[in-house]
Structure formats: C-alpha cells, structure tokens
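Me: I have a structure open and would like to go through it. Can we take it piece by piece?

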Amino acid sequence: MLDEKVDRLQTILEIDDSALASTLLDDSGWDIELAVENYFNSQASSTENTENSNTSATPYRLPISPSIAHVGLGSGRSAQAGSFIWTIWRGILWLAIKILRLPLWLYSFLFNQSVSFTPPEPVPQEEAHSLLLSSIDEAVNSREPSSSSTAVARTTQRQNTHVIPSLYLGTHSNALRDVKNNAQFGIIAFIDSSTTSDDFKYHTLAEEKFNKLVNEHDCLVWVGDISTNRDAYDVAISKGIRIFPRVEVHSMQALPTSRNALVSVPTMSHLGSISGKDSLGEDFRNLLSSRYLNRVSPYLRRLRNEKYERQRATYIKEAADRAENERMQRDAENVLKKREESARSAKAAEDIAQQREKERNEKANNEVILREYRNWLKSTIPGDSGYGWKPVAEFLSQSLPHVKFILPHAPSQPVTLNGGMSMPSWFDLTSLTLEGTDDEDGLLKSSSELNKLITAEVDNGIPSDRIVIGGFSQGSALSYLIGLSSERKLAGTVALSGWLPMRNKIKSMLGPHHQLLPIFQAHGSDDPVVNPKYAELTNEYIKSLGFKTVDSDKPTNGGISFNKYDGIGHGACQEELADLEIWLKKVIP
C-alpha cells in the first residue's frame, strides 16, 4: 500500500527519486495532498534562500534528488532557471486549486497523462448494476481452495462473513444528490478489471463487517466499474483517476460562507479519498471509521437532531396554525349560520307580513266586488252592457283563475218595444211574449258576430270543448241559438233569465253535437220582464230535443239543469251565481 502511495506521489510531482517521495510522505503522515503541498512550500523556501545566500542561517529544506530533471533546482544555471519557473507555475496552480477548494484530481488531470483503459459501450444503469453485482458474486465464489474438504469449510465461512452488498442503483450525480438528502455519508468507489479491484470486491464490498459499518453510519454506497459502466468511466476520466480502486467519502461539513468567514453552514463536501490497496480489508475499515465516520458522525447527529427539532417545531406550529384555522373556520361558520338564521327569521317575518297584507287586500277587494255585485243585483235591467257583468266575472275568477271571461257589448239600435228608441240590444223586440215575432235577421246577425269571437279563441289555441257560451235575457236567447246550432262541440251553454228564440226553425238548425251540450238554465220566480212560464216552456221544448234533466252539480253531455230561485226578479242572485260556479267547475275544470 505504501509503495503505491510513493508511486502515485512520484507521478503527480513527476520525480524519479522514490526516496524523496517516501521522505515527503513520511513527513506528511502519508497524506498525499499534504505531501504535495509541503513539497511546493519547501521548493519556494529553497528558492528564496538561494537568492539570499549571504544569510548565515539555512532553513529546513527537503533533500533534492539529483534525478529530478524538471522540478526544483538543478546543477546548471539554465536548468535551474527553467526548473524554477516550472516549479513556480505548478505551485501557483496548486495554490489556486487549494484556495478555490477545487478537487485534487484537477491538478492530476492537468499534469499527468490520460488513463489508458478503453471506454465501455453505453448500457442502461440497471444492466451495469446487474453486471457489477454478478462480478462481486463471482469474486466471492471464485476463491475456492484446492482441497474439497477445505472448500466446504471455506464456503461455509464465506457464507457467514460475506454478503452481497446493497448498492445504489443510479448515476454518480444522482448518488451524490441522494447522499445529501437521504444519508449521512456517501461512499463512492471506482473500480476496474484489475486484480486489486477484485480483491476490493472480496475483502471490502462483500465483507459483512464493512456492510455492518456502512449500515450503522447510514452510508450510501455507490460503486462504478469503469470497464462496464460508461457513467463511471466518464467521471473517472474527468477526475483524472489513475489508481484503482479509488474510494471517496462525501458528507455534510460545516464550511464558512462566502459573505462571512465566521459563519459556517452545512455543505456537502468531499472529505477524502483512499486508493489502491489502502482500500482493502480491515485496515481500510479502521481508517474509514476513525478518520471519517466517527469523526464526522457527531456533527451529523447534531445536524439530524437540529433537523428533527426544526421539523418538530414546524409540526407543532403547523398543528397550532391548523387548530387556529379550524377555530376561525368554526367561528366564521357560526357567524354565517347566525346570519342565515337571522335572514331566515327576517324573511319569515316579512313573508308573514306580506301574507297578512295580501289577505287584507284580498278581503278589501272582495268587499268591493261584493258591494259592486250587490249594487249590480239591485240595478240589473234590460239594456245593460258587458261592463255590468264585470263584477260577476271578477267574483267567479276567484275560484276559476284558469278561465278567461269575455264580456261583449250589444250594439245600440232602435228597439220596437222601447218605442223605437235606440238602446243596447242584440236584436229587435216587438213584445215580451212567445207569440211575438222574432227578429230572425237580428238574431242570426248577432249569432254570426258571437261565433266570430269563438272562432278567434279557437284560432288562438283554445279547444272548442273548453268554451262556454252564456248570456242574460237577450244574451240567454242568443246562447240557446248558438249552442244548439254550433258546428263545433262546445263545453256548455248558460241561459240566465231568458228563452229559446226561433222555435219553429230551431230543429232544422241543430248542429251535429247538440245532444252532447250541457245546459245551465236559471230563472227568477218573480221575473217581471221574461215570464217564468216562458222558461218552463223553453225547458220542456229543449227536453223534447233529447235532453234530460240533471242537477247543476252533476252536469252531463245532453243534460239540462233547470234552477229556479224564489223571490228573484229579472236579475241574478248570490245563490244563482254559486250554483253557476259549481256547474262551471265541472264542465271546464
């Protein structure tokens, strides 16, 4: 192992004197980096003492081998000058690498020849990892003794002392990143196909004690075989690694910040490297444990504890914040709930007030309608207009909101019975008896006009069997005539205080649906205008056409409901309108 360090130092410093290299290593505690630094420091000191030759005191100086051709001071002045410049130049680069904390392999890369091995073909990381594990298993199992009995004993011993290690699967850069995030130490090893690398697999990687050591210290182990792993090969080339196996140790280290040298922060650092045979067996484990793992572990434990405390404090703070947020959320929900309850209470109170106001208004409107209706009952006389029946329509609309009431006005024309004076009349009247002559032209003309109203409603989408034709006095006569002669099936006919005109011709005028027509007939017993006996005669005549008598609350097709009201003159009463309301609900529900 020591000879390899001597050879490596000779390669780095380009010196041929092994004794000088051994002296440098011995003075530096066999630390190659420290030996290189001491070498350049001693060269600078010897140069300074040469220039100040008048000084009687001679400082300590490492012996200079006469075999050195390009390092230090030679015997000739030209060689001495060239060697001095070359040494100063290499020393400046060395100091720059140390001050900038650059890796030592950069120096080796600048002043040494490239490695001589051939780069492997690129393969997936999984395949390279599988090849590595296979080579470790082969290195362990290939060490068979000659005797078969001894082989059995040695095999049993290997099974007890050797295990296939748990190695990191991934690239070199990913391994370093995961060391920082998920482990305490990173053990990065570069191997090749040499015998020493095979010994490293057997005496180090597969050793149970080594695996126990790395598990105890939470180490991530990455091994790259430059003969099969292109990623390991590229990294080894960039680092200028010449001696294999090479083991690097990485971990967190307290380093000063660039802004303040007195303030240090945990930084992922390269703690050191071990190469060649120094990386084999128990000596390597002891060196790894004493120099790196045990020395840095307390600092890492403190970092871990600080991280735990920070996580714990963060968790406690998050829990407190979460509890506070939940409390605030509950308070906000309670406030919102109270607001909603207040809004519902206010809305309910408002609805109650509006309902009461509506009821008061409806009551007042009903009273107005009732007063108008009572006034109408007292003042109903022949010659009234459609406006006179508006209160009745409004009264009936309260229980029949789906019904549309149309109240046409009779035209104003001379009436014989009125002394030839004009008055609202659907047709001319010569007398108030059945023996009088009917104004057939006037009846047919008014019937035609009213049929136009029915046609308009049908055209607007109202079915004819949802239309009722009705009237009072002269209007009742027209309703009989239109209902019995209509080409359409109507919902019914209402005849109040009227009679059937054109009795001599009505049979020839009957429509195709007349036997399906419900009829509501009403008359006052004391009617002085249209004698009640004319209502009786009309009822008998209509029944002769095939109609049957029915109750007003049970109207049927081809049924006539005849309602008489005692003490009522030529007008309508509240009982009559109530019966009409029930009849209408049945025929146009």
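Reply: What follows goes through a helix pair, some salt bridges and a few backbone details. Keep in mind that this is a predicted model.

Me: Helices, then. How do H13 and H18 cross, and at what angle?

Reply: The axis of helix H13, residues 390–397, comes within 11 Å of the axis of helix H18, residues 574–587. The two axes cross at roughly 55°.

Me: What do I call that, parallel, perpendicular or oblique?

Reply: Oblique: angles of 65 to 115 degrees count as roughly perpendicular and those under 35 as roughly parallel, so H13 and H18 are oblique to each other.

Me: Is the crossing left-handed or right-handed?

Reply: The crossing of H13 and H18 is right-handed.

Me: Which residues make the contact?

Reply: On H13 they are Val 392, Phe 395 and Leu 396. On H18 they are Leu 577, Leu 580, Glu 581 and Leu 584.

Me: How many of those are nonpolar, and how many charged?

Reply: The contact of H13 with H18 has 6 nonpolar residues and 1 charged, with no polar ones.

Me: New topic. How many salt bridges are there?

Reply: The structure holds 16 salt bridges.

Me: Pick one. What is Glu 324 paired with?

Reply: Glu 324 forms a salt bridge with Arg 327, and their closest N and O atoms are 2.4 Å apart.

Me: Where do those two sit along the helix?

Reply: Both are in helix H12, residues 281–379. Glu 324 and Arg 327 are 3 residues apart there, so about one helical turn separates them.

Me: Which salt bridge links distant parts of the chain?

Reply: That would be Glu 536 with Lys 564, whose side chains meet at 2.0 Å, N to O. Glu 536 is in helix H17, residues 532–544, while Lys 564 is in strand S11, residues 559–565. The pair is 28 residues apart.

Me: What is the relative accessible area of Glu 536, and of Lys 564?

Reply: Glu 536 has 29% and Lys 564 has 48%. Glu 536 counts as partly exposed, and Lys 564 does too.

Me: What about Glu 540 and Lys 543, how far apart are N and O?

Reply: Their side chains meet in a salt bridge at 3.7 Å, N to O. Glu 540 and Lys 543 are 3 residues apart in helix H17, so about one helical turn lies between them.

Me: Which residues form a network of salt bridges?

Reply: Lys 239, Arg 246 and Glu 248 are linked in a network of salt bridges.

Me: Backbone now. Where is there a cis peptide bond?

Reply: A cis peptide bond joins Phe 244 and Pro 245, with omega about -5°. Pro 245 is in the loop between helix H11, residues 230–239, and strand S3, residues 246–256.

Me: And what is phi for Ser 497?

Reply: Phi of Ser 497 is near 55°, a positive value in a residue other than glycine. Ser 497 is in the loop between strand S8, residues 492–496, and helix H16, residues 506–509. Met 502 also has a positive phi, about 50°, although it is not a glycine. Met 502 lies in the loop between S8 and H16.

Me: Are Ser 497 and Met 502 buried or exposed?

Reply: Under 20% relative accessible area counts as buried. Ser 497 is at 0%, so it is buried. Met 502 is at 4%, so it is buried.

Terms used. Residues numbered from 1 in each chain as written. Predicted model: local features only at pLDDT ≥ 70, side-chain atom pairs only at ≥ 80, totals over all residues. Heavy atoms only, no water. Axes fitted to C-alpha atoms, helices over the stretch in contact; angles between N-to-C directions. Helix = DSSP H or I, 4+ residues; strand = E, 2+ residues; numbered from the N terminus. Parallel < 35°, antiparallel > 145°, perpendicular 65-115°, else oblique. Left-handed = near helix turned anticlockwise from the far one by under 90°. Contact = heavy atoms within 4.5 Å. Nonpolar A, V, L, I, M, F, W, Y, C, P; charged D, E, K, R; others polar. Salt bridge = Lys/Arg side-chain N within 4 Å of Asp/Glu carboxyl O. Buried < 20%, exposed > 50% of the residue type's maximum accessible area, 1.4 Å probe, protein only.
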